[in-house]
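Please look over the sequence and the structure shown below. The report that follows goes through the model part by part.

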Amino acid sequence: MKIALIGYGKMGHMIEQIARERGHEIVSIIDIDNIEDFDSPAFASADVAIEFTNPTAAFGNYKRAFAHNVKVVSGSTGWMQDHKADVEKMCTEGGQTLFWASNFSIGVAIFSAVNRYLAKIMNGFPQYDVKMEEVHHVHKLDAPSGTAITLAEDIIARLDRKDKWVKGFQHAADGTETGSNEAAPDELPIASIRRGEVPGIHSVSYDSEADKITITHDAHSRKGFALGAVLAAEYTKDHSGLLTTSDLFRF
């Protein structure tokens with residue numbers, strides 16, 4: 001398979017390594033200093049482009065790739081609030097293909113399935129209140145993380161007593177602390193902590209007067225995310241439309 005890389009930071013380098021190990025060809029690498037390569041024959045020859053950049057660049061990157069009918073796999077978060085409807089229209093009416101996930105880790109896919117099932121069970125036990133915490137490296141720009149938001153939305157969809165998620169306690173990269181995990185009964189607070197080079201830790205806790213139940217996913221490195229992105233690209237090559245990890249991992 002021919003793969004183009006959009007974004008060549010730590011994730012881009014790791015995706016390149018894993019893609020080559022799995023026998024794929026990297027035909028184009030686009031970073032901030034060579035955006036014009038979107039219009040190159042090499043980029044247009046790609047079966048799939050894998051995009052890991054930032055919330056402000058992602059939507060523009062999708063449009064540039066779609067202009068050449070190149071399918072996209074993307075792990076960029078933070079763009080959906082402004083551009084979700086636009087992307088959905090491109091994929092449903094415009095014939096383009098985007099595989100988007102807030103997290104490509106196989107472990108997170110399993111964790112997400114457990115999270116959904118636990119929320120379904122906990123809907124019958126209102127004495128348990130639910131809170132979330134996510135911890136990431138100091139370079140991460142968005143908070144809460146896209147993965148935390150996805151997990152929270154999965155809980156809200158299954159827990160009648162929660163209507164929305166809100167930002168909880170925030171520990172910023174510079175050490176500044178704001179916010180609180182105190183929230184209204186119908187709100188699910190998400191605490192966000194930025195420290196060191198943590199690849200990603202997500203925890204969901206159900207606390208009652210009697211006891212506490214917590215599930216946690218703790219990433220040891222970015223390798224799991226990179227492998228998942230390549231697996232998604234392999235899937236996307238032969239599928240079309242707006243795709244997610246629920247298409248790739250059927251639990």
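## Basis of the report

This is a predicted model, in which local features need pLDDT of at least 70, side-chain atom pairs count only at pLDDT 80 or more, and totals for chains, interfaces and linings use all residues. Residues are numbered from 1 along each chain as its sequence is written, and side-chain values use heavy atoms, with hydrogens and water left out.

Helices (H or I, at least four residues) and strands (E, at least two) are DSSP runs, numbered from the N terminus.

## Helix H5

Helix H5 covers residues 106-122, which makes 17 residues. The expected span of a helix is 1.5 Å times one less than its number of residues. For H5 this gives 24 Å, and the end C-alpha atoms are 24 Å apart, so the two values agree.

An α-helix has 3.6 residues a turn, so residues three or four places apart point the same way.

## Annotated positions

The UniProt record, an unreviewed entry, carries the annotation "binding site" for His137, Gly146 and Thr147. UniProt positions are given here in the numbering of this report, feature names are shortened, and annotations may be inferred rather than shown by experiment.

Glycine 146 is in helix H6 and counts as buried because its relative accessibility is 10%. With residues up to four places away in sequence left out, glycine 146 is in contact (heavy atoms within 4.5 Å) with Thr77 and Ser102. Threonine 147 is also placed in H6, and its relative accessible area of 5% makes it buried. The side chains of threonine 147 and asparagine 103 are joined by a polar contact of 3.2 Å. A polar contact is a pair of N or O atoms within 3.5 Å; within protein, one must be able to donate a hydrogen and the other to accept it, and residues adjacent in sequence count only if both atoms are side-chain atoms.

## The sheet and strand E7

An open sheet of 6 strands has mixed pairing and runs in the order E8-E7-E9-E6-E10-E11. Its edge strands, E8 and E11, each pair on one side only. Two strands pair if DSSP finds at least two bridges between them.

Strand E7 (residues 164-171) pairs with strand E9 (residues 187-194) in the parallel sense over 6 bridges. With strand E8 (residues 177-178), E7 pairs in the antiparallel sense over 2 bridges. Histidine 171 stands opposite isoleucine 193 in E9 and opposite glutamate 177 in E8, while glutamine 170 has threonine 178 in E8 as its bridge partner. E7 and E8 form a hairpin with 5 residues between them, and glycine 175 in the turn has a positive phi of about 90 degrees.

## Lysine 167 and proline 144

Lysine 167 is found in strand E7. Lysine 167 and leucine 188 are 21 residues apart in sequence, and their C-alpha atoms are 8.4 Å apart in space. Leaving aside neighbours within four places in sequence, lysine 167 is in contact with Ala143, Pro144, Ser180 and Ile190. Its side chain reaches the backbone oxygen of alanine 143 at 3.2 Å.

The peptide bond from alanine 143 to proline 144 is cis, with omega near 0 degrees. Proline 144 lies in the loop between strand E6 (129-136) and H6.

## Aromatic pairs

Rings of Phe, Tyr and Trp (its six-membered ring) pair if their centres lie within 6.5 Å; planes under 30 degrees apart count as stacked, over 60 as edge-to-face and the rest as tilted. By this rule there are 6 aromatic pairs. Among them, phenylalanine 99 and tyrosine 235 are edge-to-face, at 6.4 Å centre to centre with 80 degrees between the planes. Phenylalanine 99 lies in strand E5 (residues 98-100) and tyrosine 235 in helix H7 (residues 223-236), so the pair ties together parts 136 residues apart in sequence. Both residues, phenylalanine 99 and tyrosine 235, are buried.

Terms used: Buried means under 20% relative accessible area, exposed over 50%, partly exposed in between (1.4 Å probe, protein chains only).
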